[in-house]
Amino acid sequence: MFKSNPYHNKTAQWVVYVLFFGALAFVPVLSDDAFMMNQFATYGVFGMLALSISLCWGFGGILNLGQGIAFGLGAYGMAMTMQMQSQDPETSPMPPFMLNNSVEQLPLMWEPFWHTGWGIFIALAVPTLFCVIFGTIMFRARVSGPFFAIMSLAMLSAWYTIILDSQPFTNGVNGISPPAPLSIGGFEIDPYSGFIYWMVLFLLAAMTLIIKLITTSKFGLIVQAVRADSERVRFLGYSVSYYETVIYAVSGFIAAIAGCCWVVAVQYVSPAQLDVSFSISMVIWAGIGGRMSLLGSIIGAFMIQGGQSYLGDEFLATWLLILGGFFIFVVRFLPKGLAGLLESGLGLLVAKPAAERESAPGPVAGAKVQG
Amino acid sequence: MDSLFGNFDLSAFASALLLGISIGSIWLIAALGLTIIYGTAGVINMAHGEFLMLGAYSSYMLQAYFGVPFFLCIPASFVIVGLVGLIMERGLIRYLYNRPLDTLLATWGVSLVLMQGVRLIFGSDPKYIAVPQMFQESVEIGFFSISLFRIVVLLITALLVAMIWYLFYRTRFGMQVRAVTQNKEMAAAFGINSGRVYMMTFALGAGLAGVAGSLFGVLNIVLPTMGTSYVVQAFLVVVVGGGSLVGSVAAGAGTGELQSIFAYFTSDTFARFLLFVLIVILLRYKPQGLFAITKARR
Amino acid sequence: MKISRRGFLKKTAVAAAAIAAPHLWVPVTREAWGATLKKGEPIKIGILFSLTGSLAVPEEDSTLAMQYAIDEINAAGGINGSPIEPVIIDAKSDFNVYSEKMKELILRHKVIATFGCYTSASRKAVLPAVMQHKSLLYYPTCYEGAECTQNTICTGPLANQHSKDLIPFMVQNFGKKVFFVGSDYVWPKESNKNAKVWLEQAGGELLGEEYIPLGSSEFTPVLNKIKQANPDFIFSTVVGASDIAFHKQFKQEGFKVEKMPIASLTTGEIETKAMGVEYGAGHFLSAPYFQGLDNPTNAKFVEKFLGSKYGKNGTTHYNMEETYTSAYVFKYGLEKAIADHGIEDVTSAKLRDASAGIKVPDEVSPEGLTWIDPENFNTWLVPKIGQCQADGSFKIVKQAAEHVAPDPYSIYPDLGKCTAKGLMAPDGKLRTNVI
């Protein structure tokens, strides 16, 4: 029996984090299946996206249905960088698709991508900057809740449309498929090796750590207060829009990193990455896994995408039915997702007197927030 | 873009303006059900597109299997989809009224289930709704010609708006709805059964989507995925309008008209993009939409 | 200089890593992962089409046609005595799934070749994996060209073949003025560029060119512009659900098919059935195959296919036929590769090389004799023009006298010529894997 719910125990949480990522790091040592390395690396990317949603929605209370924007822009930036690596200033200064789109010379927006470092910088900076600007506009106008969700959805559609329409610069719906893997400083990142898997896993672990630190800081406390009641925080003299924008932008930055990793792993980007259903599935991952829990969200992404890959063929026709039904169930009965289930499960282990204290409404129970 | 003013033609432009009304009526009828559901209960119904789709499929089903004439299929679709909405409200939505973000997500789950369910039942090949010969024709008024069926859509839209207005502002039920919208607790204190009001409005909104869907089945194609192409538009109308009936009428007409004009001067794709950007800018200054409903802050 | 340094760094990194965990870092020779065939054992191929989602309508039919062809080949003794064993995968109309499943087919199922993809976007999504593992993709549908990889064989018409006869035919019969309408993506734009070449040769005049967002169903703004321009006919490359909305609204808005027919590259038997014949009748389609094609091979194909368990949808249509033919291109190519190299040594790359010039004879191909171009690995075929009749079938109104050569770079002579080894630029430089 425990004195308090071990789910909320800080030490226990860190131990679980270390165990989780440590165990995952061993996977490539056990298997050298090239397909699996590549596939698991993409799962890692989905994990990052779920993590970014968890930060934004679970933690900041901002439901973002347009996370595909940051993801897609990051992915396009990386694809452009990789595409330019296989171009040569002398013999073939332009990607092949431009030649049949009546483009005379390399468009200005493509120029920086000659340099890999600049390319990656832009791939991360542009989506983040977009989030800052869009976030500032929206949150200053006090757009929040479902309204913000719908606006992020509309913005996503707008980006989707414009990328599709700018065919000479983006190759429209066909997207960009860089013919060779990314090479940094002469080292080629083999997308079918343990290296890509470790790279993605390392980034995922690092970002989880950073977010965990943010959530436990004073800044994090204020953000949670905004989630609970933004009006009261405003009355206390805080700039609510500032906190919302920062959280939204950090979450966008993570999605941009995910976008970059995605293209390194699959060597392909198209407007499909900005599809509405893809952005919503990110929310579904976090929702089912548990939006309040960073690990829960990541595991939600692994579960659903893994299920789609490995169960999908057996359940072919009924997969979406199962997924939809499961999601309805989770929203209806488990608003904190599977992680919330674990939380209440562990809560049962708590010694009786403590449980009674906790159940009484009071500052102690109220202060237990983030898991 | 070089043809920006190159082939500007007054009669063509006037046609574009008039067509804008027709496009607007399509935006509006797609958004009517959503407006009522959002305006009254504050529920963001992501399954709205699938309600439209169900409307089209129920018309198809009645016509193909039972030989019901098309114009009887429209009210029948209203009833069928309304019942689906009723079941959904009783089974799921009513537990989520105080969790607006969760209703959004749960209804998304419902939309997945509906889409896949229809696919399993009817297959994923496109279906087709037949209309009487005369509605495949057009009418010509001077330089302007428009399809007869679009006039029908416009008239049905106008009729529905009038009926909703009457229902909401001239009947006892409407008064109850408005009371519940403004302040649920106070309304309850006056003996209004807010649960029942929500249930009825949700069913009504779903039914309206059913009507719209059966009309879209004629203009467009009947597919399990057909709803998704309308639902973002419908949301924009509701958001711009602020969730009120008059707001949606204004927003539907305005966006339809703008889309037609932009498309006239540029391309259809760019017109869409312009519209999205304009809406974001508008919301910067009018975050609650054009005609927001006043609600008690809770 | 640069290359040698890169090579050095790579070797150092590999050496360092090899100590730690040998299999993790060593850059793998991709061919080593390729499929190997053994005598008497089934030959594994992948079938990668969408069976669910928005692309399911055309792609499910392609899967069925492919399964039918495999059954037919296996019933006749397979390839050199080995049956074909298909691995059928549903790509769920999701490009991410296409990309992932293609890798699974190559790396896990070790297929010798994959038949799949309908849209160019899905092809572009799978090609990086196909190229890196030197695998082989049979792409059985029409596409825009301007691509030169060493890993694809296409059995559908290229943009330069598709409208070659259609445009002159329409100009002769209906008049010089034409309006182009297409979906807003790569294939319609490329097709229209080719069509402009034929239009100029035929002495026609282009009045306007409009593109509609994919999946859009609102055609009144475009129809308004068309009405204003008043062309003699419309040349359409609108695809999918939009195409059906376009034909419906065309009639509903008062356009008359006799006065201004639509000449399409896409509106075939399936689309006409979906929109209702009253909207489809009278319009024209250019395709290498129609269900109503009058030859004994086709009569047998239609009868047997519709009678089989795969014929549930009741039509055979150009995509299905192109898929069916591609199975025979594979069969003949593999037989040749086995004869050349011996069954143990056949790889996907050797299969591709052996497929150069492979002919599918009249007795097998429902569209009539076709063959694979030995340089660019697209198909020599005869485009036909059909007019939709009141019962939804198509009547062949014109058939080219001879086969039209595929040329993926016909309108881009500056870029070079696609050869078996890669894209040969006019200055003699060779570039491989141009996508």
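User: Which helix does Ser344(A) lie in?
Analyst: In this predicted model, Ser344(A) is part of helix 17 of chain A, which covers residues 337–347.

User: Is Ser344(A) buried or exposed?
Analyst: Ser344(A) counts as exposed, because 12 C-beta neighbours fall inside 10 Å and the cut-off for exposed is 12 or fewer.

User: How far apart are Ser344(A) and Asp275(A) in sequence and in space?
Analyst: The two residues are separated by 69 residues in sequence, and their C-alpha atoms are 35 Å apart in space.

User: Staying with chain A, how do helix 3 and helix 9 of chain A cross?
Analyst: The axes of helix 3 (residues 34–59) and helix 9 (residues 194–216) of chain A come within 8 Å and cross at roughly 15 degrees. Angles under 35 degrees count as roughly parallel, and these two helices of chain A are therefore described as roughly parallel to each other. Their crossing is left-handed.

User: Which residues meet there?
Analyst: On helix 3 of chain A they include Met37(A), Phe40(A), Ala41(A), Gly44(A), Met48(A), Leu51(A) and Phe59(A). Their counterparts on helix 9 of chain A include Gly194(A), Tyr197(A), Leu201(A), Leu204(A), Thr208(A) and Ile211(A). The residues of this contact divide into 16 nonpolar and six polar, with no charged residue.

User: What about helix 2 and helix 8 of chain B: at what angle do they cross?
Analyst: Helix 2 (residues 48–66) and helix 8 (residues 194–219) of chain B cross at roughly 60 degrees, and their axes come within 6 Å. The two helices are therefore oblique to each other. The crossing of this pair in chain B is right-handed.

User: Which residues make that contact?
Analyst: Helix 2 of chain B contributes, among others, His48(B), Phe51(B), Leu52(B), Gly55(B), Ser59(B) and Tyr60(B). From helix 8 of chain B come residues including Ala206(B), Ala209(B), Gly213(B), Ser214(B) and Phe216(B). The contact of helix 2 with helix 8 of chain B comprises eleven nonpolar and eight polar residues, and no charged ones.

User: Moving to the interfaces, how many residues of chain A are in contact with chain B?
Analyst: There are 34 residues of chain A in contact with 32 residues of chain B. On the side of chain A that touches chain B, the elements giving two or more residues are helix 7 (145–165), helix 13 (276–289) and helix 16 (319–333) of chain A. Helix 7 of chain A supplies the largest share, 15 residues. By type, that side of chain A divides into 25 nonpolar, six polar and three charged residues.

User: And which helix of chain C gives the most to the side that touches chain A?
Analyst: Across that interface, 43 residues of chain C are in contact with 39 residues of chain A. Helix 4 of chain C gives the most to the chain C side, with eight residues. The chain C side divides into 24 nonpolar, five polar and 14 charged residues.

User: Last topic, helix 3 of chain C: why is it regarded as largely enclosed?
Analyst: Of its 20 residues, 14 are buried, so helix 3 of chain C is largely enclosed by the rest of the structure.

User: What span should that helix have, and how far apart are its end C-alpha atoms?
Analyst: At 1.5 Å a residue, helix 3 of chain C (residues 56–75) should span 28 Å, and its end C-alpha atoms are 28 Å apart, which agrees.

User: Which residue with positive phi follows helix 3 of chain C?
Analyst: Gly77(C) follows helix 3 of chain C, and its phi is near 105 degrees.

Definitions and conventions
Residues numbered from 1 in each chain as written. Chains lettered and ligands numbered in written order. Predicted model: local features only at pLDDT ≥ 70, side-chain atom pairs only at ≥ 80, totals over all residues. Contact = placed C-beta atoms within 7 Å. Helix = DSSP H or I, 4+ residues; strand = E, 2+ residues; numbered from the N terminus. Nonpolar A, V, L, I, M, F, W, Y, C, P; charged D, E, K, R; others polar. Expected span 1.5 Å × (residues − 1). Axes fitted to C-alpha atoms, helices over the stretch in contact; angles between N-to-C directions. Parallel < 35°, antiparallel > 145°, perpendicular 65-115°, else oblique. Left-handed = near helix turned anticlockwise from the far one by under 90°.
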